[in-house]
Each structure stands twice: as structure tokens, then as C-alpha cells.
Amino acid sequence: DNRTGNLGDTVQISKVGDDKIEVVAHTQFSGRYLKYLTKKFLKKQQLRDWLRVVSTSQGVYELRFFNVVNDEADDDDE
């Protein structure tokens, strides 16, 4: 209906298990656009600095944590 947040019947979002969300689009839906929307949501929730969107296979995307290196541990070794 050309309104923000109104997906209608063309896109279905469901929870699979405890830690997965499944998005099924019945129309042509670009994976790049889904990645863009995910990044936009993460930024709004202030999680963009900690999570990244990774494509594991064709049409499958996962959120993964960035590898954070502890610089203080390196200083103790010197």
C-alpha cells in the first residue's frame, strides 16, 4: 500500500526456533535491499557497531558479531 512498515501479504516474517527469523517474499525482493534494511534497523537500535550482515549462501543472511580484539591484553605482553 506504499506505506512505511506495511508489508501486506507479499512479505511474511516468522520466528524459527529461539534465535532465527525467517523472511519470505512472494514477490521479487533483492537480497541487497534486505541487507540494507537490516543495517538500517541495526543502526536505529544502536547495534550496528557490534553486528554485521553476512551472506552464508544464496538468499541466506546471518547476523554475526564483529571480532573485537582486546588491545589491553597486548599491552600486558610487552
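Biologist: How many aromatic pairs does the count come to here?

Modeller: Rings of Phe, Tyr and Trp (its six-membered ring) pair if their centres lie within 6.5 Å; planes under 30 degrees apart count as stacked, over 60 as edge-to-face and the rest as tilted. By this rule there is one aromatic pair. Tyr33 and Tyr36 form that pair, which is stacked, with 6.1 Å centre to centre and 25° between the planes. This is a predicted model, in which local features need pLDDT of at least 70 and side-chain atom pairs count only at pLDDT 80 or more, while totals for chains, interfaces and linings use all residues. Residues are numbered from 1 along each chain as its sequence is written, and side-chain values use heavy atoms, with hydrogens and water left out.

Biologist: In which helix do Tyr33 and Tyr36 lie?

Modeller: Helices (H or I, at least four residues) and strands (E, at least two) are DSSP runs, numbered from the N terminus. Both tyrosines lie in helix H1 (residues 31-44), three residues apart, about one turn of the helix.

Biologist: Are these side chains buried, exposed or partly exposed?

Modeller: Buried means under 20% relative accessible area, exposed over 50%, and partly exposed in between (1.4 Å probe, protein chains only). Tyr33 has a relative accessible area of 41%, so Tyr33 is partly exposed. Tyr36 is partly exposed too, because its value is 45%. Of the 78 residues of the protein, 6% count as buried.

Biologist: In what order do the elements run?

Modeller: From the N terminus on, the order is β-β-α-β-β-α, with two helices and four strands in the protein.

Biologist: How do strands S3 and S4 run, parallel or antiparallel?

Modeller: Two strands pair if DSSP finds at least two bridges between them. Here six bridges join S3 (residues 51-57) to S4 (residues 60-65), and the two run antiparallel. Arg52 stands opposite Arg64 in S4. The hairpin has two residues between the strands, and Gly59 takes a positive phi near 80° there.

Biologist: Which residue forms a salt bridge with Arg64?

Modeller: A salt bridge is a side-chain nitrogen of Lys or Arg within 4 Å of a carboxyl oxygen of Asp or Glu. By this rule the count is one. Glu62 is the partner of Arg64, and their closest N and O atoms are 3.3 Å apart. Glu62 counts as partly exposed because its relative accessibility is 33%. Arg64, with a relative accessible area of 35%, is also partly exposed.
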